[in-house]
Amino acid sequence: VHGGDGASAAGAASDAAAAAASAEAAKAAADLEDARQALVAAESRAERLKTVFRQKITEFREAACSLSGYRIDMVDRRYTLRPLYAAAKEDILLFQAADDGSL
């Protein structure tokens with residue numbers, strides 16, 4: 001009779017351990033899903049910001065061009081100003097930024 005009670009207690013402990021492991025796995029799966037959703041939301045925010053920045057940069061460049069009469073291009077710390085109404089296409093102003101940021 002005592003042998004049956006020991007086996008029953010061991011089975012109950014085993015069931016409890018399995019239930020705890022199952023609960024841990026479910027929590028880990030829920031945490032993983034939360035992390036995935038947070039990543040998707042962060043990526044979506046980043047894309048929206050990129051789109052807004054692109055639009056604002058274009059808007060700024062167009063305003064600078066309209067106000068100054070020069071189209072301004074920047075590549076690797078080199079600023080090229082191209083006049084809208086130049087006599088020749090090669091008529092440009094070129095500025096190179098120094099290491100300290102000055103032009």
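1. How many Å² does the accessible surface of the protein come to, and what share belongs to carbon and sulfur atoms? The surface comes to about 8500 Å², and 61% of that belongs to carbon and sulfur atoms. Such areas come from the Shrake-Rupley method with a 1.4 Å probe; for residues, only the protein chains shown count as cover.

2. A note on the basis of these values. This is a predicted model, in which local features need pLDDT of at least 70 and side-chain atom pairs count only at pLDDT 80 or more, while totals for chains, interfaces and linings use all residues. Residues are numbered from 1 along each chain as its sequence is written, and side-chain values use heavy atoms, with hydrogens and water left out.

3. The protein has one helix and three strands, in the pattern α-β-β-β along the sequence. The radius of gyration is 33 Å, well over the 13 Å that the globule rule gives for 103 residues, so the protein is more spread out than a compact globule. That radius is taken over C-alpha atoms, and the rule is 2.2 Å times the number of residues to the power 0.38. The C-alpha trace spans about 110 × 30 × 20 Å along its principal axes. Helices (H or I, at least four residues) and strands (E, at least two) are DSSP runs, numbered from the N terminus.

4. Of the 103 residues, 7% are buried. Buried means under 20% relative accessible area, exposed over 50%, and partly exposed in between (1.4 Å probe, protein chains only).

5. The three strands make an open sheet in the order β1-β2-β3, with antiparallel pairing. β1 (70–75) and β3 (93–96) are at the edges with a single partner strand each, so one side of each has no neighbour in the sheet. Two strands pair if DSSP finds at least two bridges between them.

6. Six bridges join β1 to β2 (residues 78–83). Among the facing residues, Met74 has Tyr79 as its bridge partner, and Asp73 stands opposite Thr80. Two residues lie between β1 and β2 in this hairpin, and Asp76 in the turn has a positive phi of about 50°.

7. β2 is joined to β3 by four bridges; here Leu81 has Leu93 as its bridge partner.

8. Pro83 lies in β2 and is partly exposed, at 25% relative accessibility. Between Pro83 and Tyr70 there are 13 residues of sequence separation and 4.3 Å in space, C-alpha to C-alpha. Beyond its neighbours within four places in sequence, Pro83 is in contact (heavy atoms within 4.5 Å) with Gly69, Tyr70, Asp91 and Ile92.
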